[in-house]
Each structure stands twice: as C-alpha cells, then as structure tokens.
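Student: Let's work through this structure together. Can we take it one question at a time?

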Amino acid sequence: MKKLLITFSILAVFVIGFGFIFAAHNSTKGNSNTEDAKKTAVSKTASKVKTIDVPTLFLHGYSGTKNSMGHMMDRLARNGDATRSLVVSVSPSGKTKYTGTWDKFATKPLIQVLFEDNKSSLENQTVWLQTVMRELKSDYHIPNVNIVGHSMGGVDGVSYLEAANNKPEFPAVKKMVTIGAPFNGLVIGEDGKTAYDLTDSGPGAQTERYAAFIANKSAIPPSLDVLNIAGDVLDGTKSDTSVSLASALSGKFIFSNALSYQELVFTGSKAQHSKLHENKDVDAAVKSFLWS
C-alpha cells in the first residue's frame, strides 16, 4: 500500500509538472501570436499612410498659351508619374478662375498658371502670381510649392520670390526651375559677344531689371534649390535664338544665396527657345531635379 501511494505521488508530480510546462508554452505562443498580430496591424496601418507631395506650378513665357507648358506637363504626368491638377487662369483685371480637381494626396500634383493678358508687364504678372500663391495657401491649404518657368515665366518666378520676401501668407517655394529665362535682357550678338557677357563677378553690363534683381536678391529663400536651364543652337550666337547664354546664366548671381544652384546647357536644334519645353532631355532633367 505504501509503495502504491509513492507511485501515485510521483505520477501526480509529473502530471502537474507537464501541466505547468504546457501552460507556459501556450502562454508564450499566445504572446508571440499577439505580437505578430500587432506587427501586422502596424504594417497595414503604415502602408495606408499616404505622403503629401509638393505641387509644382508651371509658368508660361511672353505671349504663351496653355500649350506652352501643357505638353511638358502631359509628358511628366504620363504613366502616372505625376498628376495634372489645377489650372489657374488670371484675367487682365487680376481675377482668378480655377478649373480641374485638387487632391492633396495626388501623386506629384501639377498646377498650370495662365495669364490671359500674356503680354502684360512683369509688374502685373508679379502681382497676379502673388494673388494665385496667396489663394493656394488660404483656400487650398498648400504650404509648399515648386516652380517651373519658361522664358518670361522664369523671370516672373524670380520677381515673385523677391516681392513675396518669405511672407507667411504665401506658400514656401522649395525648388525652382528656370528654362531659357532672359534675366539680363534680350541682346544677342551675331558673333556671340555682347556687353552683357559674363565675368567671374557677374555680367559686364546690367539691364535695369537685372540690377533690381541683384539689389533684392537677399529676399531669395535661403532654403531654395535652383536648376537653371539654357539653350545654345550652336549657330555662333551663343543663344537659343531668343535668349543669350549670358542672359540666362546670369541667374547664377541672382541665386547666390540659395541653398543650391545648378545649371544645364542644352545644345543643338532642339535647344531652340520654344523647343526647350518640348525637349524630352529637358523633361528628364526637370523630373530628376524635382523628384529624385
């Protein structure tokens, strides 16, 4: 009888021991499953978070139309790489009209700005651009933008930056691309030489507009990244047939306080002034600069 009790006692110890081991194993397994479930939930939540891309404004040049920058915008938006968003038309009186759809979660939104009086003065276009920027900030709650401007559009962009002077009522401009912008006038020499040719310290001569840009360059945001594109058709004039290299590249001295400045010169027949914004190599450079 005594041996039987001892045997039962030993069996009971084993049963209880195995019970504890089994319970501990299940507890550990349950905790593991819980942690895995938490990780999966966090992963799914993270995958649902959509980043907000900085929208890019496109500004046409003197006498420009919707097609001036529209084709470039279409090509950039091809295959879903970017999204055609708003089109802002500004009347000669400065009244704005917005068409299109604004979705702040859209992939790289593209906003086109059209001046109905497309031959108006720099002063008027600067005021109109301020109106657009102010409305984008107040009505569409857009805190940051990029700017791409062709020809006079690039000049408008600089004039806007200096007039806005980093005021909080306007969106912050993060990146700026200028394409064939006549910062220092439209003089072209048949032999490629003019009084406005560049020296190490700046152009040899300055137009009144350029002198004003230099005088107010401290208003250029110090956080701005700049890509300045120019064209040379290689006909001996050192120009894109409308804007000299010297005038376009004189932007270097206007943007001397920017965070970064780089310039690209495209050559050949596709570097002609009006063909620059139809040049796929220019597209690639703009795309890389804005979004890489």
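Student: Is R75 buried or exposed?

Tutor: This is a predicted model, where local features need pLDDT of at least 70, side-chain atom pairs count only at pLDDT 80 or more, and totals for chains, interfaces and linings use all residues. Residues are numbered from 1 along each chain as its sequence is written, and side-chain values use heavy atoms, leaving out hydrogens and water. Buried means under 20% relative accessible area, exposed over 50%, and partly exposed in between (1.4 Å probe, protein chains only). R75 has a relative accessible area of 16%, so R75 is buried.

Student: Which residue does R75 meet in a salt bridge at 3.1 Å, N to O?

Tutor: Side chains of opposite charge can pair when their charged atoms come close. A salt bridge puts a side-chain nitrogen of Lys or Arg within 4 Å of a carboxyl oxygen of Asp or Glu. At 3.1 Å, the partner of R75 is E278.

Student: How many residues apart in sequence are the parts that R75 and D283 tie together?

Tutor: Their side chains meet in a salt bridge at 2.4 Å, N to O. Helices (H or I, at least four residues) and strands (E, at least two) are DSSP runs, numbered from the N terminus. R75 lies in helix 2 and D283 in helix 8, so the pair ties together parts separated by 208 residues.

Student: Which residues does N279 contact, leaving aside its neighbours within four places in sequence?

Tutor: N279 sits in the loop between strand 10 (260–267) and helix 8 (280–291). Contact means heavy atoms within 4.5 Å. The residues are R75, K270 and A271.
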